[in-house]
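Here are my notes from a first look through this one. Have the sequence and structure open while you read.

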Amino acid sequence: SIPLGYFGGIGAASKAGILFKGANYLDLMTKVNTVVMDKTGTLTKGVFKVQDVVAGAGFTKEEFIGHVSALEKMSNHPIAKAIVDSDADKNNIYTATDVHEISGQGLTGKVNGNEVMAGNAKMMQNNHISYDKSVDSIPETTVIVAINNVYAGYIIIADEVKEDAARAVKDMHANGIGKVVMLSGDKSSIAENIASHLGIDKASGDLLPEDKVRHLEELKANNSNVIAFVGDGINDTPSLALSDVGIAMGGMGSDAAIEVADVIIQTDQPSKVATAIRIAGSTKKIVY
Ligand code: ADP
Ligand code: MG
């Protein structure tokens with residue numbers, strides 16, 4: 001049976017906008033020493049805005065963005081929404097068919113008879129598209145585009161770090177978390193930049209969902225690590241399931257992430273991870 005004090009802990013957490021799916025996770029939370037976090041939507045707002053559109057040779061800016069936005073209309077990714085919103089020409093000149101979304105990379109499809117590919121550097125490398133390498137050093141998220149398998153330009157997109165992200169990391173360290181790790185599908189340079197700004201101990205970028213799982217498996221292989229993973233997206237579900245405590249950002253998070261998680265943060269504030277650890281700790285003191 002579950003000691004009665006745990007119900008008090010679940011109640012206190014719930015008042016703070018933190019849902020524990022069971023008392024056992026409250027107990028497990030007190031043992032967590034490593035917190036692994038997703039970037040987009042977890043530490044950053046996940047609300048992207050197009051900053052610049054650079055069409056390569058052979059296309060006007062309107063043709064270029066028209067092709068890309070027809071494709072992105074078929075995706076639910078926050079990047080896709082930003083591109084569609086930025087397309088001034090909404091008169092349906094361009095229509096996409098055969099659209100495929102490749103998780104952690106981008107989209108491919110046919111637009112008005114042209115093969116269009118829009119995604120990150122990994123996607124371009126996997127498809128042997130040689131693109132303008134200066135794009136790699138742009139310190140913001142970029143979507144690189146190929147039309148008929150030839151590099152056709154890029155789109156610069158900006159996301160913002162959440163207001164409480166730095167405090168989140170500081171509070172976790174203050175509550176006994178020895179290691180805070182950030183894993184991202186975004187460019188390594190961006191991941192490292194944000195991590196050093198936030199005081200995160202270790203960051204890796206350019207990761208596919210399966211790469212994130214591999215990182216977690218490596219951390220789990222060390223028996224002294226008790227790991228919480230914090231994420232929001234459908235692509236985070238394998239990591240949420242694999243970690244000792246899976247924590248979903250529930251406010252804007254995907255239903256799949258909420259379903260598989262053990263703990264749900266309803267306010268979308270990463271600082272609530274430290275709050276959850278603190279409540280778990282004080283509950284334990286009452287129970288024992
Ligand atoms: P994160 O790990 O930061 O939450 P994701 O795994 O959701 O990021 O996406 C990783 C990367 O894949 C994005 O930064 C982007 O470069 C690319 N990407 C994913 N979906 C799309 C899309 N619909 N259009 C263009 N690029 C995309
Ligand atoms: Mg995410």
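How far does helix H3 (residues 61–72) reach from its first C-alpha to its last?

1. Helix H3. Bear in mind that this is a predicted model. H3 has 12 residues and reaches 16 Å from first C-alpha to last, close to the 16 Å expected at 1.5 Å a residue.

2. Cover on H3. This helix is mostly covered, with 9 of its 12 residues buried. Among the buried ones are Phe64, Ile65, Val68 and Leu71, and also His67 and Glu72.

3. The largest nonpolar core. It has 49 residues, of which Val35, Ile247, Val263, Val273 and Ala276 touch the most other members. Helix H11 (residues 272–287) gives the most to this core, namely 6 residues. Leaving aside neighbours within four places in sequence, Val35 is in contact with Met172, Ile177, Val180, Ala228, Val230 and Val273.

4. Ligand 1. There are 23 residues around ligand 1, and Thr40, His77, Gly106, Asn120 and Gly185 come nearest. By class, the shell splits into 14 polar, 5 nonpolar and 4 charged residues.

5. Where the shell comes from. Domain 1 (5–45 + 161–287) and domain 2 (49–158) each give at least three residues to the shell around ligand 1. At least two shell residues come from each of helix H4 (78–86), strand S5 (106–111), strand S6 (114–119) and strand S7 (141–147).

Conventions
Residues are numbered from 1 along each chain as its sequence is written. Chains are lettered from A and ligands numbered from 1 in the order in which they are written. This is a predicted model: local features need pLDDT of at least 70, side-chain atom pairs count only at pLDDT 80 or more; totals for chains, interfaces and linings use all residues. A nonpolar core is a set of buried Ala, Val, Leu, Ile, Met, Phe, Trp, Tyr and Cys residues joined through C-beta atoms within 7 Å. A residue is buried if 20 or more other C-beta atoms lie within 10 Å of its own, exposed if 12 or fewer, and partly exposed in between; C-beta atoms are placed from the backbone. Helices (H or I, at least four residues) and strands (E, at least two) are DSSP runs, numbered from the N terminus. Two residues are in contact if their C-beta atoms, placed from the backbone, lie within 7 Å. A residue is near a molecule or strand if its C-beta atom, placed from the backbone, lies within 6 Å of it. Ala, Val, Leu, Ile, Met, Phe, Trp, Tyr, Cys and Pro count as nonpolar, Asp, Glu, Lys and Arg as charged, and the others, Gly among them, as polar. Domain bounds come from an automatic or database domain assignment. The expected span of a helix is 1.5 Å times one less than its number of residues.
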